Amino acid sequence: MKPLRPHPLLTALSLFLVLSLLGGFFAIAFQSLHWEWRWDAVWAYREKFFYGWCTTLLLGSATLLLSIPLGLVLAAGRIAGWLPIRQFCTLLVELIRGTPLLVQILVLFYIVGSALGLQNRLLAGTLILTLFEAAYFSEIFRGAWLSIPQSLITSSRAIGLTPACTFRHIITPLGLRNSLPALAGQTASLLKDSSLLSVIAVTEVTHVAQEINAFTYGTLESYLPLALAYLVLTAPLAFFTRRWEKSLAYAN
Amino acid sequence: MQIKSIQAGKRYGDLWALRNITLTLPLGSPLLLLGPSGGGKSTLLRLLAGLEIPDEGSIQVDGIPLPPNETTLREYRRRLGFVFQEGNLFPHLTAEENITLPLRHAHHQSAAEAKERAQSLLTRFQLLPHAHKKPAELSGGQKQRIALARALGHQPEILFLDEPTSALDPEMTAEVLDALSDVQREGRTLILATHATGFARRTGGTVAFLRNHQLEWLGPTAEFFAQPPTPGAAGYLARILRD
């Protein structure tokens, strides 16, 4: 059901209230800490920080581009595959979703990566993260696929569409509409998950913030900008997905 | 196209939905599938239309049994039209796109050809003002008439309808049945599972009365309504005519 749209003035007033409440709470919390802010020490590392942020953006984009097709393949394997393929995909997805990313990064980089002679940390990190996110994307795609009513599939067979045509014209648009919020959420998670690659010294933005903290002892001055650096990426994502969702709506 | 069911049966799990059905589709005159719900009407329609594969017996088209392979069955289905009880239309497409989709992607028409055909069908069923609406914006009766238009788009030799009005209120039912009478006057073969006895009686043709997963009676419609041929048919008619 569509909620009623309140008056713009009311919206602004309410937003102001919510912001001041949240802001006030944090202001009081920080006040009680008696933290001595030293932004100048951290400011010296701004270029390094920006470089780390760009690495995160690159790493995140590459992971997104690779993990979505891999997620589709895993979902297809679980739904329609030959029994051994189905078992393989199910096992892989459950193994990845059931264990901490941190453990996967360490095992895959230091054991599997070393065995394969893969030493480039950025490349290895991207591949490990791709595998992890693909498992989650595959479950989103599988759910979207299963959410499509059987009557529409029958309808599609009755009018003589091929399975490929049904996939393209029926399953994809309906599934995308159903899974868009989950996909956007997972993409935001993906960006934040990339911070764990700092444990294998990929110089993404979290790793850089850790270094800046070590050099300057400015913990809050290093990590608060870090939070902001992620927010700059995730907030537009949420905003644009909501607009895209509206453009795909087909029912009230 | 001559379609025959030879001792066909269909099983779901351990349960036979239909057994030992032998009949020949009358060409150029309607075949009405009547009988209580759960008696096997839908299953027979799906078998005849190549949407399901029989577990015993066979469906023969021009003397050749339909093979249980999806590619051949798809080619066969492309010569037919099908309207279901509900859930026919694709919710993300407009009325017009719902009609053009099979024309373009199953019958290889150009976009312009498909659009022209869709517009002429929409005009015929007085739906042209709704061409650009999505199914959620249309009434049940409008949706079923669009489903009918879509099923007719490629000039099918036979039109299968599975209780097309059972989910509609009386006014919308009349709307859809009027459209259907119009289609019938064209001389197209209709195979219709229905509980709309008034319409069935007016339509004429042949009745196949299905009860308890069997074909209980097959014969002229007028005869069926004049004197219910079996105790099962008498009971069925008494129950539906009571409302």
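Colleague: Where is N212(B) found?

Modeller: Bear in mind that this is a predicted model. N212(B) sits in the loop that joins β9 (206-211) to β10 (214-220) of chain B. Its phi is near 50°, a positive value in a residue other than glycine.

Colleague: Is N212(B) buried or exposed?

Modeller: The idea is to count neighbouring C-beta atoms within 10 Å, with 12 or fewer meaning exposed and 20 or more meaning buried. N212(B) has 12 other C-beta atoms in that range, so N212(B) is exposed.

Colleague: Which other residue of chain B has a positive phi without being glycine, with a value near 45°?

Modeller: That would be E163(B). E163(B) belongs to the loop between β7 (158-162) and α6 (170-185) of chain B. Here the neighbour count is 21 inside 10 Å, so E163(B) counts as buried.

Colleague: What is the strand order of the six-stranded sheet in chain B?

Modeller: The order is β6-β7-β8-β3-β9-β10 (chain B), in an open sheet with mixed pairing. At the edges stand β6 (80-83) and β10 of chain B; each has a single partner strand, so one side of each is left without a neighbour in the sheet. On average, neighbouring strands of this sheet are turned by 15° against each other, direction ignored.

Colleague: Which strands does α5(B) lie across?

Modeller: α5(B) lies across β6 and β7 of chain B, and runs at about 170° to β6(B).

Colleague: At what angle do α3(B) and α4(B) pack?

Modeller: Helices α3 (residues 95-105) and α4 (residues 111-124) of chain B pack at about 130°, and their axes are 9 Å apart. That angle makes α3(B) oblique to α4(B). Their crossing is right-handed. Among the residues making the contact are I99(B) and L103(B) of α3(B), and A114(B), A118(B) and L121(B) of α4(B). As a rule, an α-helix has 3.6 residues a turn, so residues three or four places apart point the same way.

Colleague: How many of the 11 residues of α3(B) are buried?

Modeller: Nine are buried, so α3(B) is largely enclosed by the rest of the structure. What covers the buried residues includes α8 (163-193) of chain A, together with α4 and α5 (140-152) of chain B.

Colleague: How many residues of each chain are in contact?

Modeller: There are 18 residues of chain B in contact with 20 residues of chain A. On the chain B side, the elements giving two or more residues are α2 (70-77) and α3 of chain B. α3(B) gives the most to that side, with three residues.

Colleague: How far apart are the end C-alpha atoms of helix α1 of chain A?

Modeller: They are 37 Å apart; the 26 residues of this helix (residues 8-33) should span 38 Å at 1.5 Å a residue, which agrees. The number of buried residues in α1(A) is zero, so this helix lies largely in the open. Just after α1(A), H34(A) takes a positive phi of about 50°.

Terms used: Residues numbered from 1 in each chain as written. Chains lettered and ligands numbered in written order. Predicted model: local features only at pLDDT ≥ 70, side-chain atom pairs only at ≥ 80, totals over all residues. Helix = DSSP H or I, 4+ residues; strand = E, 2+ residues; numbered from the N terminus. Expected span 1.5 Å × (residues − 1). Axes fitted to C-alpha atoms, helices over the stretch in contact; angles between N-to-C directions. Parallel < 35°, antiparallel > 145°, perpendicular 65-115°, else oblique. Left-handed = near helix turned anticlockwise from the far one by under 90°. Contact = placed C-beta atoms within 7 Å. Pairing = 2+ DSSP bridges.
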